[in-house]
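Please brief me on this structure. Cover its ligand site, its cores and a few selected residues and helices.

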Amino acid sequence: MKIGTKFIHAGVEPDPTTGAIMTPIYQTSTYVQEAPAQHKGYEYARSQNPTRTALEAALAAIENGRYGLAFSSGVAATDAVIKLLQPGDEVIAASDMYGGTYRLFSKVFEKFGIRFHYVNMQNAENVRPYINSNTKLVWTETPTNPLMNITDIAALAAITRQHKLLLCVDNTFASPYLQNPLDLGADIVMHSVTKYLGGHSDVIQGCLVMNDKDLREQLYFIQKSCGAVPGPMDCFLVLRGIKTLHVRMQRHCENGRKVAEWLRKHPKVGKVYWCGFEDHPNHDIAKKQMRDFGGMMSFTLKDDSVEEAKRVLSATRVFALAESLGGVESLINHPASMTHASIPREERIKNGLTDSLIRLSVGIEDVEDLIEDLKQAIG
Ligand SMILES: Cc1ncc(COP(=O)(O)O)c(C=O)c1O
């Protein structure tokens, strides 16, 4: 099946009782049993819910995986992966990634005796010196939030396979339309479903997709034991969102390219971080593993002052100043004080995330309006 057909039909079957073409919202906490332990596969809604079952099948299909698990947020999905580990285990994680992931690793899990090494993964070989007998997991994000750095997933997977480590890829920025990490050798794909998969800024959700049955069983056990499950209404909204993912992503990519090229020519704009530029340091890898380059980008101003950046951030009228990304509407964000404020300043600066960096999530409005808006805001 081609990608658009798959996105529309994945996981959804006509409802067996009525023929409803959309999976109903099974708003229930429990299921009546005919006799003790005699039921239709559904016992209690933290463990199973039919709307969630349909969504999990859809998530697996669109990431070319066998199993999907949906969580109440992206960080809840990340949390479940780290709970596979024991005290004393070590993780090699990307040094440039979403601030909330860094916060979860460093502020929550370190105190349970799990050790994290933060490594620049623009060259996959950089992880090798950190591998030892305690290493269990490599965690990467590509493209990264917010600097659009690219990791070569296949090269990293060759290393993790050689050392029998799990490789988990946060695929939020690319979405399954642009990149499928399982096809490149990853063991687990993670998404903040809140972003492109939901697509309409109306739901918080996360997911994991994998091929290995044992891994699925371990993660399902964590999901039902810890309880970070999404409600059926949210699952329904994401099932609906996925049906238009390919059409939205095409427009995000088209608009993203035009906005990135326009920004780059603007006399007041300094550096533009977008992996579609041919001179992006890892453009060739992006081209190899992604179908297009998306609508996420960051930039600095030539007058690289925080004051000037804040003035621009407050001056847009179509781009809304807000956290999050991947919705139909364009957003502008200040990573240093918003999405990445939980990373200590010196760590941020070391990785190139300056106080004056501005991040854009280019939406699917008419691109002329987006450029006009940035023009009046930058001045
Ligand atoms: C790349 C990335 N991963 C994970 C998350 C966390 O997801 P959520 O906010 O759905 O918990 C985010 C949120 O911004 C993100 O951008």
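Tyr31 sits in the loop between helix H1 (3-9) and helix H2 (50-62). Helices (H or I, at least four residues) and strands (E, at least two) are DSSP runs, numbered from the N terminus. This is a predicted model: local features need pLDDT of at least 70, side-chain atom pairs count only at pLDDT 80 or more, and totals for chains, interfaces and linings use all residues. Residues are numbered from 1 along each chain as its sequence is written, and side-chain values use heavy atoms, with hydrogens and water left out.

**Tyr31**

- Tyr31 counts as buried because its relative accessibility is 16%. Buried means under 20% relative accessible area, exposed over 50%, partly exposed in between (1.4 Å probe, protein chains only).
- Not counting residues up to four places away in sequence, Tyr31 touches Tyr42, Glu43, Tyr44, Ala45, Gln48, Asn49 and Pro50. Contact means heavy atoms within 4.5 Å.
- A polar atom of the Tyr31 side chain lies 2.8 Å from the backbone oxygen of Gln48. A polar contact is a pair of N or O atoms within 3.5 Å; within protein, one must be able to donate a hydrogen and the other to accept it, and residues adjacent in sequence count only if both atoms are side-chain atoms.
- The C-alpha atoms of Tyr31 and Ile378 are separated by 57 Å, with the two residues 347 apart along the chain.

**Nonpolar cores**

- The largest nonpolar core has 67 residues, of which Val259, Leu263, Phe299, Leu360 and Ile378 touch the most other members. Such a core is a set of buried Ala, Val, Leu, Ile, Met, Phe, Trp, Tyr and Cys residues joined through side-chain atoms within 4.5 Å.
- Helix H9 (residues 245-265) gives the most to this core, with 7 residues.
- Another core, of 31 residues, lies apart from it; Val91, Tyr102, Leu104 and Leu208 are among its members.
- Beyond four places in sequence, the contacts of Ile378 include Trp262, Leu263, Phe299 and Val312.

**Ligand site**

- The ligand is surrounded by 14 residues, and the closest are Val75, Asp170, Ser192, Thr194 and Lys195.
- An oxygen atom of the ligand lies 2.9 Å from a polar backbone atom of Gly74.
- The ligand alone exposes 380 Å², and the protein buries 92% of that. Accessible areas come from the Shrake-Rupley method with a 1.4 Å probe; for residues, only the protein chains shown count as cover.

**Enclosed helices**

- H3 is largely enclosed by the rest of the structure, because 8 of its 9 residues are buried.
- Ser73 caps the N-terminal end of H3, with a side-chain oxygen 3.5 Å from the backbone nitrogen of Val75.
- Helix H8 (residues 232-242) is also largely enclosed, because 8 of its 11 residues are buried.
- The cover over the buried residues of H8 includes H1, H2 and H9.

**Ser361**

- Ser361 is in strand E12 (residues 358-361). Ser361 counts as buried because its relative accessibility is 1%.
- A polar atom of the Ser361 side chain lies 3.0 Å from the backbone nitrogen of Gly326.

Note on methods
Near = heavy atom within 4 Å.
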